[in-house]
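Open your viewer and keep the selection tool at hand. Follow the stops below in order.

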Amino acid sequence: MVTVLDTRKVAEASPRPRHPEKAHRPDTEVLPKPDWIRVKAPVSPGYFETREIVKSSKLVTVCEEAGCPNIGGCWEKKHATFMIMGGICTRACSFCNVATGLPHALDMGEPASVARAVAQMGLTHVVITSVDRDDLPDGGAEHFVQTIRAIRAAAPGTTIEILTPDFLRKPGALERVVEARPDVFNHNLETVPRNYLTVRPGARYFHSIRLLQRVKELDPTIFTKSGIMVGLGEERNEILQLMDDLRTADVDFMTIGQYLQPTRKHHPVIRYVTPEEFNSYETVGRTKGFLLVASSPLTRSSFHAGEDFEKLKAARLAKQAAA
């Protein structure tokens, strides 16, 4: 006699937790949000149209996975940041809402699917990011290359910005991606070095600095970009030193935004930084030589990316003219 067990209902009733590595952490206090953080729920026709394109193409966006507060405004304008290589990350950063675990095999048709969605949405500028894929020999570098090539073929007028993992211990991976010549190469530091063990334990601060510097060495024409969150317990002088480190690596563009805690199991918000402080960081960053600084409570890596790309080009031309 053979007994067949149907486990589907059990799985549906008790799905695997999104963040198993955080499940046993004690709940932390969630600070009430100040007025300058609040955003309206997305209800526009443009938002729902973008959501349908993403859903029908079976694509993953960081807008949804990371719970971005700007999703309503961006999707209304048909701005979306596509997250390639699946929705499961091999790392467990304490700030991040992307699921952690063993990722699935790469979908080799994904680059073409992303390219079709870019063309269908009529994007003039697209941002492509990914989960960390430490399980892959090249960290997913070739998948980035194939996605860039597919977009260039399907939408040749679209400029491409990539937001990559750090390719830690993946020799040759960065060089392979730079060869594909994205218009903007973004890699986020996320926080000051003192916080790395608790906020970004799988990463190495100076490796990330060196990665950004190496992009410029390989191709000085590519714009480089990096971003951090504030409200994680960092001090002002640490942020100013981080700015200096980025400028030493010749990074063009820096973004600074408020950290928002996804759940009580994630790293707590230590404080909400005021809009006046964000304005101060923008002023200081410009004096340090960045071509562009975006600093506000709701700033995120890809927020207004298309408009910012135009500003970057104009700032570079003005700098060259003044030289």
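## Stop 1: two crossing helices

H10 and H11 cross in the right-handed sense, meaning that the near helix is turned clockwise from the far one by less than a right angle. This is a predicted model, where local features need pLDDT of at least 70 and side-chain atom pairs pLDDT 80 or more, while totals for chains, interfaces and linings use all residues. Residues are numbered from 1 along each chain as its sequence is written, and side-chain values use heavy atoms, leaving out hydrogens and water.

Select residues 236–248 for helix H10 and 275–287 for helix H11. Helices (H or I, at least four residues) and strands (E, at least two) are DSSP runs, numbered from the N terminus. The two axes come within 11 Å and cross at roughly 35°. Axes are lines fitted to C-alpha atoms, for helices over the stretch in contact, with angles from 0 to 180 degrees between N-to-C directions.

Now show side chains. Arg236, Ile239, Leu240 and Met243 of H10 meet Ser280, Tyr281, Val284 and Gly285 of H11. Contact here is heavy atoms within 4.5 Å.

## Stop 2: the sheet

Switch to a cartoon view. Find the open sheet of 7 strands, ordered E1-E4-E5-E6-E7-E8-E9, with parallel pairing. Two strands pair if DSSP finds at least two bridges between them. Which strands are at the edges? They are E1 (81–84) and E9 (292–295), each pairing on one side only. From one strand to the next, the twist averages 20°.

Select E5 (residues 159–163) and E6 (residues 184–186): they pair in the parallel sense over 3 bridges. Ile162 stands opposite Phe185 in E6.

## Stop 3: aromatic rings

How many aromatic pairs are there? The count is 4. Rings of Phe, Tyr and Trp (its six-membered ring) pair if their centres lie within 6.5 Å; planes under 30 degrees apart are stacked, over 60 edge-to-face, the rest tilted.

Select Phe144 and Phe167. Their pair is edge-to-face, 6.4 Å centre to centre with 80° between the planes. Phe144 sits in helix H6 and Phe167 in the loop between E5 and H7, 23 residues apart. Both are buried (under 20% relative accessible area, 1.4 Å probe, protein chains only; exposed is over 50%, partly exposed in between).

Move to Phe223 and Phe309. Their ring centres are 5.9 Å apart and the planes stand at 90°, so this pair is edge-to-face. Phe223 lies in E7 and Phe309 in helix H12, so the pair ties together parts 86 residues apart in sequence. Last, select Tyr196, Tyr205 and Phe206, which form one aromatic cluster.
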